[in-house]
Amino acid sequence: MNGSLSNGAMKTPKIGVEYDNSWVKSKTDVTVDSAKPQLTMEASFRANEDDDSSYTAGHKTSVALKDPMNNMKTSMALVGHFNKSTQWGALMNAGTSAKGVFAVTDTSLAFNH
C-alpha cells in the first residue's frame with residue numbers, strides 16, 4: 001500500500017458535487033487517493049439560446065492537492081454560432097510546469113460556414 005488508498009481492481013473513488021440546469025453545468029470532485037489527491041473543477045455556461053446567435057463558455061482545471069502550484073492544467077473554451085450558418089470556437093490550454101511556471105501550452109481557433 002505504501003501510504004495510498006488501495007481498493008483492488010476498482011477505480012479510485014471520487015467525492016464531489018454536481019450542478020446542472022439549462023444554462024449552467026458544473027462539477028467539482030476530489031480523487032480520494034492519499035498518495036495523489038487530485039481536485040478537478042469543470043463548468044460551462046450557455047447564453048442566448050435563440051436562432052440568431054448563441055455561445056457557450058466552459059473551463060476545466062485539474063490540480064494536485066499536495067502540490068497545487070506545480071503541474072496544474074487548465075482549459076478554457078468558447079463556442080457559438082451566428083444564424084446557425086456560421087459556427088466558431090476557440091480553445092486555450094495552459095498550466096504550470098514541474099517548477100511552478102505558468103504558461104499557455106496551445107490555442108485553437110476555428111470557423112465553419
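**Notes on strands and surface patches**

1. Let me begin with a pair of facing residues: Arg46 stands opposite Thr56, which lies in E4. Please keep in mind that this is a predicted model.

2. The two strands behind that pairing are E3 and E4 (residues 53-64), which run antiparallel and are joined by 10 bridges.

3. E3 also pairs with E2 (residues 24-31): these strands run antiparallel too, with 8 bridges joining them. Together E2 and E3 make a hairpin, and 6 residues lie between them.

4. Phe45 belongs to a nonpolar surface patch with Trp23, Tyr55 and Leu78, and the four together have about 380 Å² of accessible area. Is Phe45 buried, partly exposed or exposed? Its relative accessible area is 32%, so Phe45 counts as partly exposed, a class that runs between under 20% for buried and over 50% for exposed.

5. The surface also carries a patch of positive charge, where Lys11, Lys14, Lys27 and Lys60 gather. Of these lysines, Lys14 is worth a look: Lys14 sits in strand E1 (residues 14-20). Lys14 has a relative accessibility of 54% and therefore counts as exposed, since the cut-off for that class is over 50%.

Methods. Residues numbered from 1 in each chain as written. Predicted model: local features only at pLDDT ≥ 70, side-chain atom pairs only at ≥ 80, totals over all residues. Heavy atoms only, no water. Patch = residues over 30% accessible without salt bridge, like charges linked within 9 Å, V, L, I, M, F, W, Y side chains within 5 Å. Areas by Shrake-Rupley, 256 points an atom, 1.4 Å probe, with all protein chains shown as cover. Salt bridge = Lys/Arg side-chain N within 4 Å of Asp/Glu carboxyl O. Buried < 20%, exposed > 50% of the residue type's maximum accessible area, 1.4 Å probe, protein only. Lys, Arg positive; Asp, Glu negative; His and termini not counted. Charge placed at Lys NZ, Arg CZ, Asp CG, Glu CD. Helix = DSSP H or I, 4+ residues; strand = E, 2+ residues; numbered from the N terminus. Pairing = 2+ DSSP bridges.
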